[in-house]
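Please read them with the structure open.

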Amino acid sequence: MKNIYKIKVYLLFITLLGCTNASENDLIDQTELPELITYVNDVKPIIDNNCIICHTNPPENGAPMPLLTYDNVKEAIQNRGLIDRISSTDLGFLMPFGGPRLPQNLIDTIIQWQADGLLEN
C-alpha cells in the first residue's frame, strides 16, 4: 500500500514539474495592436448603408445635414452629437430616425474611430 502511495506522489511531482512552459517568449507581450479605424475602410460603409437615405445632399425627411463626405461625418461627430444620436435609447432622439437602433458593434466602430483620431484613410 505504501508503494502505491509513493508512486502516486512521484507521478504527481513529475506531472507538476513537466507542466511548466516558461520561456523568454512568455515574458514578452506579443499582443498585436488592432488596426486603427478609418473613415474610408470602416465608417463610410456604415454611413452609406444606414444614413444616406436621409442624409443625402440635399438632406431629406427632416435630416439637418448631409453625411456624404468625410468632412460631413467628422463635423457631425465633433459638433452635432452624432455619437449621442446613434447611441441613444430614446426613440424620439435616436438615429436612424424611426429605428431600429444600429447594432452595437457598428456604434462601437464609430466611437473607436473618434478615439483613434477621426482618420480618413
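Where does Pro 96 lie? Pro 96 is in the loop between H4 and H5, and point 5 returns to that loop.

1. Basis of the notes. This is a predicted model, in which local features need pLDDT of at least 70 and side-chain atom pairs count only at pLDDT 80 or more, while totals for chains, interfaces and linings use all residues. Residues are numbered from 1 along each chain as its sequence is written, and side-chain values use heavy atoms, with hydrogens and water left out.

2. Overall make-up. The protein has five helices and zero strands. Read from the N terminus, its elements run α-α-α-α-α. Helices (H or I, at least four residues) and strands (E, at least two) are DSSP runs, numbered from the N terminus. Of the 121 residues in the protein, 25% are buried. Buried means under 20% relative accessible area, exposed means over 50%, and partly exposed lies in between (1.4 Å probe, protein chains only). A contact means heavy atoms within 4.5 Å. Among contacts between residues at least 6 apart in sequence, 51% join residues at least 24 apart.

3. Helix H5 and its two partners. Helix H2 (residues 39-50) and helix H5 (residues 104-115) have axes that come within 10 Å and cross at roughly 135 degrees. Axes are lines fitted to C-alpha atoms, for helices over the stretch in contact, and angles run from 0 to 180 degrees between N-to-C directions. H2 and H5 are therefore oblique to each other. The cut-offs are these: under 35 degrees is roughly parallel, over 145 roughly antiparallel, 65 to 115 roughly perpendicular, and the rest oblique. On the H2 side, Tyr 39, Asp 42, Val 43, Ile 46 and Asn 50 meet Leu 106, Thr 109, Ile 110 and Trp 113 in H5. The residues of this contact divide into six nonpolar, two polar and one charged. Here Ala, Val, Leu, Ile, Met, Phe, Trp, Tyr, Cys and Pro count as nonpolar, Asp, Glu, Lys and Arg as charged, and the others, Gly among them, as polar.
The axes of helix H3 (residues 70-79) and H5 come within 11 Å and cross at roughly 90 degrees, so H3 and H5 are roughly perpendicular to each other. Tyr 70, Val 73, Lys 74 and Ile 77 in H3 meet Ile 110, Trp 113 and Gln 114 in H5. By class, this contact has five nonpolar, one polar and one charged residues.

4. Salt bridges. How many salt bridges are there? The count comes to two, where a salt bridge is a side-chain nitrogen of Lys or Arg within 4 Å of a carboxyl oxygen of Asp or Glu. One joins Lys 44 to Asp 48, with the closest N and O atoms 2.7 Å apart. Both residues lie in helix H2, four residues apart, about one turn of the helix. Lys 44 is partly exposed at 28% relative accessible area, and Asp 48 is partly exposed at 34%. Glu 75 and Arg 80 also meet through their side chains in a salt bridge (3.2 Å, N to O). Glu 75 is partly exposed at 32%, and Arg 80 is partly exposed at 43%.

5. Cis peptide bonds. The bond from Asn 57 to Pro 58 is cis, with omega near 5 degrees. Pro 58 lies in the loop between H2 and H3. Met 95 and Pro 96 are also joined by a cis peptide bond, with omega about 0 degrees.

6. Leu 82. Is Leu 82 buried or exposed? Leu 82 is buried, at 9% relative accessibility. Leu 82 belongs to helix H4 (residues 82-87). Leaving aside residues up to four places away in sequence, Leu 82 touches Leu 67, Ala 76, Ile 77 and Ile 110.

7. Positive phi. Asn 61 is not a glycine, yet has a positive phi of about 55 degrees. Asn 61 sits in the loop between H2 and H3 and is exposed, at 63% relative accessible area. Leu 118, also a residue other than glycine, has a positive phi near 55 degrees. Leu 118 lies in the segment after H5 and is buried, at 7% relative accessible area.
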